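Me: I am new to this structure and would like to learn how to read it. Could you walk me through some of its features?

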Amino acid sequence: MSEAAAPDFLPHFPVQLPVPDLRPWLRGNLMEGVWSFTAAAPGPHVVLVSLIHGNEFAGALLLSRWLEQGLRPLRGRLTLVFANFAAFARFNPADPTLSRFLDEDMNRVWSDRVLQGHRRSRELDRARELCPVLDSADLLLDLHSMLWPSDPLIITGTPHHALRMGARLGIPPLVVADEGHSTGLRLIDRPGFADPAGNRTALLVEGGQHWAPATLETLEGCATALLRESGCLDLPPPPLAAPPRLAQVTRTVVARTHGFAFVQPFRGGTVVPVRNTLLALDGETEIRTPHDDCLLVMPSPRTMRGHTAVRLARFLSPGEI
């Protein structure tokens, strides 16, 4: 998620999760911060990625616990990644948003043009280091969390096979297809995953608010479902849950002024039933719902000019996927 506001504009959110001690795991067995295990039986290469953003440590807490428990695949290959652990090392519960990155957002650097260019940053250097293992994944799950209150969701690129995989996981039950950001390519949009005719799949799960216990539970449920679905582990099916809801982003609203403001405190996951409902004012410009049953995806109540304020989505019928 984008923390689309400067730190002094942000409210205080309590850190309710234990901050993981990653020191035992940073040496890796493949490269620094990367552990990879191959089973005797064949199967896909499943990659679980944490800490693309250094302040979103719920995923890293999950992976560190699984490493401590000795998790190993029964089939295929399983790789666990602590991506931007250098930014995480700066995490301070007294000011928890400041460790999101060191030089730039690591989830905007994944185009070949950027990775193969001459520009340098600590996030870019780490992305270049990780690319060979990430690009070898058959299934990739990127573990994230959100600053503002929102229903958890799985985000995919536009390939329908990614939407279908998200629906099969079912945790969380909301799956949203999104073309990404104009400011840079996300990890899940790497060319190997974005090919609609391909068979490699990447998903991003937003488990909930950054430091809430329920977020860790959601990330664990989603990652466990992927290990089950891939055949990496033999696990019993989960209890019956809500049927999945699939949606497609129809408009990404970017703040054009510093005066962007929602007309009420919308929560992510809210569905606005009527087309043309007023959502926000961007200076003197009205932002309205473009269609009935409009899903609000991760609205940011305090948005600076040039940042994404909200994504608007419509629900898909079964015949559309």
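Reply: Here is a short tour, going from a helix to a pocket, ring pairs and a few backbone details. Please keep in mind that the model is predicted.

Me: Which residues of α7 are buried?

Reply: Being buried here means having under 20% relative accessible area. In α7 the buried residues include Thr215, Leu216, Thr218 and Leu219. Further along α7, Gly221, Cys222, Ala223, Thr224, Ala225, Leu226 and Leu227 are buried, as is Ser230.

Me: Can we take one of them as an example? How buried is Ala225?

Reply: Ala225, which lies in helix α7, has a relative accessible area of 3%, so it counts as buried. Ala225 and Ile171 are 54 residues apart along the chain, while their C-alpha atoms are separated by 7.4 Å.

Me: What follows α7?

Reply: Gly231 comes after α7, and its phi is positive, near 80 degrees.

Me: Now the pockets. How much space lies in the second largest pocket?

Reply: The general idea is that rolling a probe the size of a water molecule over the atoms shows where empty space is left. In this model, the second largest pocket holds about 270 Å³ of space. It is lined by 15 residues, and those closest to its centre are Arg168, Leu169, Gly170, Ile171 and Pro238.

Me: Which helices supply at least two residues each to that lining?

Reply: They are α5, residues 160–169, and α7. Sorted by class, the lining of this pocket has eleven nonpolar, one polar and three charged residues.

Me: Gly170 is one of the residues closest to the pocket centre. Which residue is 71 residues from Gly170 in sequence but 7.7 Å from it in space?

Reply: That is Ala241, with the distance taken C-alpha to C-alpha. Ala241 is in the loop between α7 and β8, and at 60% relative accessibility it counts as exposed.

Me: Let us turn to aromatic rings. How many aromatic pairs are there?

Reply: To read a ring pair, look at the distance between the centres and the angle between the planes. The count comes to eight aromatic pairs. One of them, Phe13 with Trp148, is edge-to-face, at 5.7 Å centre to centre and 90 degrees between the planes. Phe13 lies in the segment before β1 and Trp148 in the loop between β4 and β5, so the pair ties together parts that are 135 residues apart in sequence. Phe13 and Trp148 are both buried.

Me: Why is the pair of Phe91 and Trp211 called tilted?

Reply: The planes of Phe91 and Trp211 are at 50 degrees, with ring centres 6.2 Å apart, so this pair is tilted. Phe91 is in the loop between α2 and α3, and Trp211 is in the loop between β7 and α7, 120 residues apart. Both Phe91 and Trp211 are buried. Ring pairs also link Phe57, Phe88, Phe91 and Trp211 into a cluster.

Me: Where does the charged end of Arg72 sit?

Reply: The charged end of Arg72 sits over the ring of Phe37, 3.8 Å from the ring centre. Arg200 has its charged end over the ring of Phe193, 4.5 Å from the centre of that ring.

Definitions and conventions: Residues numbered from 1 in each chain as written. Predicted model: local features only at pLDDT ≥ 70, side-chain atom pairs only at ≥ 80, totals over all residues. Heavy atoms only, no water. Buried < 20%, exposed > 50% of the residue type's maximum accessible area, 1.4 Å probe, protein only. Helix = DSSP H or I, 4+ residues; strand = E, 2+ residues; numbered from the N terminus. 1 Å grid on protein atoms, 1.4 Å probe; cavity = no way out; pocket = protein on both sides within 12 Å on 5 of 7 lines; lining within 4 Å. Points joined across faces, edges and corners; volume = space filled by probe spheres on them. Nonpolar A, V, L, I, M, F, W, Y, C, P; charged D, E, K, R; others polar. Phe/Tyr/Trp six-rings, centres within 6.5 Å; stacked < 30°, edge-to-face > 60°. Lys NZ or Arg CZ within 6 Å of the ring centre and 35° of its normal.
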